[in-house]
Amino acid sequence: MKKRNNKCALWTLALLLQCSWLAAFQSQLSCDSLQVKAQRAYSNKDHPLLSSLLIEAEGKACEPGLVYWVGRSLNRQGLRDSARQYFDQVLESSIEIDTPLLGDTRYWLGRSYRSDQIYDESVTALLQSLLVFDSIAYPAKHARSLNALGNVYMEMGDLQKSLIYRQAYVESVESSGNLRRLTIAYVNWATTLSYTDSLKSKTIFLKALSANQELANEDLMAAIHQNLGALYGEKFQKYDSAIYHYRIARDFYEVSGESVLVLDVNIAALKEY
């Protein structure tokens, strides 16, 4: 009888474990489904659906992820104070969150603070996101945080720190094979350099031009030539070269329907020299 009772106990324990595993599996499936729906709702700019999905996720392991997407949605709508409250909820959650979500939340918190020119808080959040992505060896998002820090320091007028992060961003994306990101990285770095080192700035703008040759992005081409025009005119006083680059930029802008008034004014002014 005792052996029989032990056997029944073992069967009961096995059944309980199986039920527990099944419940956990079903809960994970439900969470995965909610996460997919939340990302789709964010992409479709469907904030009401996001809010209803958050209610459905309450108490589940995926709740912080849904809170994050609601924060992203509010931030995109310009409701940044509310967005930051949601981001803070993610960071303060009693539910364990995965490391990439932690990094993403700190990144967007930093971006949100930057939009409201709350720079100290922005830098703090972005530095934290940088450390998170460095700790899990996530190169793409680590580079994204470097770029954001370069932008914040540029807005703050701290050129030296901006240069550090913009150069680091260039080094991060040079091996990625993403020509668009690389071209933009060169342009941002060269723009900051134009305030401190004109010759190096020109070199980097020319590297941006070279990187963009294969990409053939006309908007980037126009921006690079416009920047080179300003550099040759204002820093080197080489007015023929400045006019040359301004005219190329003008042609690109004209084709895309952009205003060319400022370029026309610049070209006319340079012709006086």
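1. The expected span of a helix is 1.5 Å times one less than its number of residues. Helices here are DSSP runs of H or I with at least four residues, and strands are DSSP runs of E with at least two, numbered from the N terminus. Helix H9 has 15 residues, 179-193, and should therefore span 21 Å; its end C-alpha atoms are 21 Å apart, which agrees.

2. The model is predicted: local features need pLDDT of at least 70 and side-chain atom pairs count only at pLDDT 80 or more, while totals for chains, interfaces and linings use all residues. Residues are numbered from 1 along each chain as its sequence is written, and side-chain values use heavy atoms, with hydrogens and water left out.

3. Which residues of H9 are buried? Buried means under 20% relative accessible area, exposed means over 50%, and partly exposed lies in between (1.4 Å probe, protein chains only). The buried residues of H9 are Leu 182, Thr 183, Ala 185, Tyr 186, Val 187, Asn 188, Trp 189, Ala 190, Thr 192 and Leu 193. They pack against helices H7 (139-156), H8 (159-173), H10 (198-215) and H11 (218-235), where contact means heavy atoms within 4.5 Å.

4. The N-terminal end of H9 is capped by Asn 178, with a side-chain oxygen 3.2 Å from the backbone nitrogen of Arg 180. A polar contact is a pair of N or O atoms within 3.5 Å; within protein, one must be able to donate a hydrogen and the other to accept it, and residues adjacent in sequence count only if both atoms are side-chain atoms.

5. Tyr 165 belongs to helix H8 and counts as buried because its relative accessibility is 17%. Leaving aside neighbours within four places in sequence, Tyr 165 is in contact with Leu 127, Leu 130, Leu 146, Leu 149, Gly 150 and Tyr 153. Of these, Leu 146 is 19 residues from Tyr 165 in sequence, yet the two C-alpha atoms are 5.5 Å apart.

6. In helix H13 (residues 261-270), Leu 263, Ile 267 and Leu 270 are buried. Seen down the helix axis, these residues fall within an arc of 65°, so they line one face of H13; the arc is that of the directions from the helix axis to the C-beta atoms. H11 and helix H12 (239-256) are among what covers them. Leu 261 and Val 262, on the other side of H13, are exposed.

7. Gln 117, in the loop between helix H5 (99-115) and helix H6 (119-135), has a positive phi of about 60° although it is not a glycine. Gln 117 counts as exposed because its relative accessibility is 57%. Ala 216, in the loop between H10 and H11, has a positive phi near 55° and is likewise a residue other than glycine.
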